[in-house]
Amino acid sequence: MEQTKADVIFREVQDLRNNFFLVSVLYPALLLWYIEIHSLIFGRPAGINNIPGIYLFALWIVFGLFFPLIFYCTKHITEVRSDGIYIRLVPLNLSSKKIPLHVVEDCKIKVYDPLTGKESDVSQSSKKVSPVVILKLISGERMLLSSRKPEELCSAIKQATAEY
């Protein structure tokens with residue numbers, strides 16, 4: 001059964017555009033655009049003599065068009081509804097991952113360093129690290145939810161679990 005939009009307590013849509021991913025996607029794309037344009041104008045690829053034209057065209061389609069388009073369209077959607085927390089990475093996931101509210105035991109905002117795996121309180125953070133919402137599940141597992149508005153997300157999760 002499809003959920004109505006009236007059940008949504010909190011919704012956040014994040015664009016996944018940061019400089020590291022931008023460079024890693026645009027550098028090969030621009031290089032392949034240069035090679036394709038050079039091959040169209042001069043009749044042969046720039047510096048590549050052993051690769052057939054159809055392979056270069058396929059590489060241009062995949063790395064010059066498809067990856068930049070997917071990178072531009074990718075969004076991370078987090079929704080807190082009255083029956084659970086829904087997470088989706090559009091367009092890569094066709095459906096949302098649901099975390100039922102009855103398995104959520106606790107919700108906290110902490111600063112998490114992914115390189116060391118250590119957590120600290122937001123007030124004790126000396127680095128410029130964005131805070132995350134950490135869910136403690138009844139199974140003992142922990143889940144980290146990235147958010148640009150962690151206070152609102154945590155309060156919406158607490159409100160939804162209190163109503164559940």
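**Exercise 1. Is leucine 137 buried or exposed, and what surrounds it?**

Solution. 
- Start with the area. Leucine 137 has a relative accessible area of 10%. Buried means under 20%, so leucine 137 is buried. The model is a predicted one.
- Leucine 137 is found in strand S7.
- List the neighbours. Leaving out residues up to four places away in sequence, leucine 137 touches Ile99, Val103, Val104, Glu105 and Met143.
- Check a distance. Cysteine 107 is 30 residues from leucine 137 along the chain, and their C-alpha atoms are separated by 9.0 Å.

**Exercise 2. Which residues touch the most other members of the largest nonpolar core, and which elements give two or more residues to this core?**

Solution. 
- Take the core. The largest nonpolar core has 18 residues.
- Ile85, Ile99, Val133, Leu135, Leu145 and Ile157 touch the most other members.
- Assign the elements. Two or more residues come from each of strand S3 (84-90), strand S5 (104-113), strand S7 (131-137) and helix H3 (150-163).
- H3 gives the most, with 5 residues.
- Look at one member, valine 133. Not counting residues up to four places away in sequence, valine 133 touches Cys107, Lys108, Ile109, Met143, Leu144, Leu145, Pro150, Leu153, Cys154 and Ile157.

**Exercise 3. At what angle do helix H1 and helix H2 pack, and which residues meet?**

Solution. 
- Two packed helices are described by the angle between their axes and the distance between the axes.
- Read both values. Helix H1 (residues 19-42) and helix H2 (residues 53-73) pack at about 145°, and their axes are 9 Å apart.
- The crossing of H1 past H2 is left-handed.
- Name the H1 side. H1 brings Phe21, Leu22, Val25, Ala29, Leu32, Trp33, Ile35 and Glu36.
- Name the H2 side. These meet Leu56, Phe57, Leu59, Trp60, Phe63, Gly64, Leu65, Phe67, Pro68 and Phe71 in H2.
- Sort by type. The contact of H1 with H2 holds 16 nonpolar residues, 1 polar and 1 charged.

**Exercise 4. How many helices and strands are in the protein chain, and in what order do the elements run?**

Solution. 
- Count. The protein chain has 3 helices and 8 strands.
- Order. From the N terminus on, the elements run β-α-α-β-β-β-β-β-β-β-α.
- Burial. Of the 164 residues, 29% count as buried.
- Contact range. Among contacts with a separation of 6 or more, 54% join residues 24 or more positions apart.
- Surface. The chain exposes about 11200 Å², and carbon and sulfur atoms supply 61% of that area.

Note on methods
Residues numbered from 1 in each chain as written. Predicted model: local features only at pLDDT ≥ 70, side-chain atom pairs only at ≥ 80, totals over all residues. Heavy atoms only, no water. Core = buried A, V, L, I, M, F, W, Y, C linked by side-chain atoms within 4.5 Å. Buried < 20%, exposed > 50% of the residue type's maximum accessible area, 1.4 Å probe, protein only. Helix = DSSP H or I, 4+ residues; strand = E, 2+ residues; numbered from the N terminus. Contact = heavy atoms within 4.5 Å. Axes fitted to C-alpha atoms, helices over the stretch in contact; angles between N-to-C directions. Left-handed = near helix turned anticlockwise from the far one by under 90°. Nonpolar A, V, L, I, M, F, W, Y, C, P; charged D, E, K, R; others polar. Areas by Shrake-Rupley, 256 points an atom, 1.4 Å probe, with all protein chains shown as cover.
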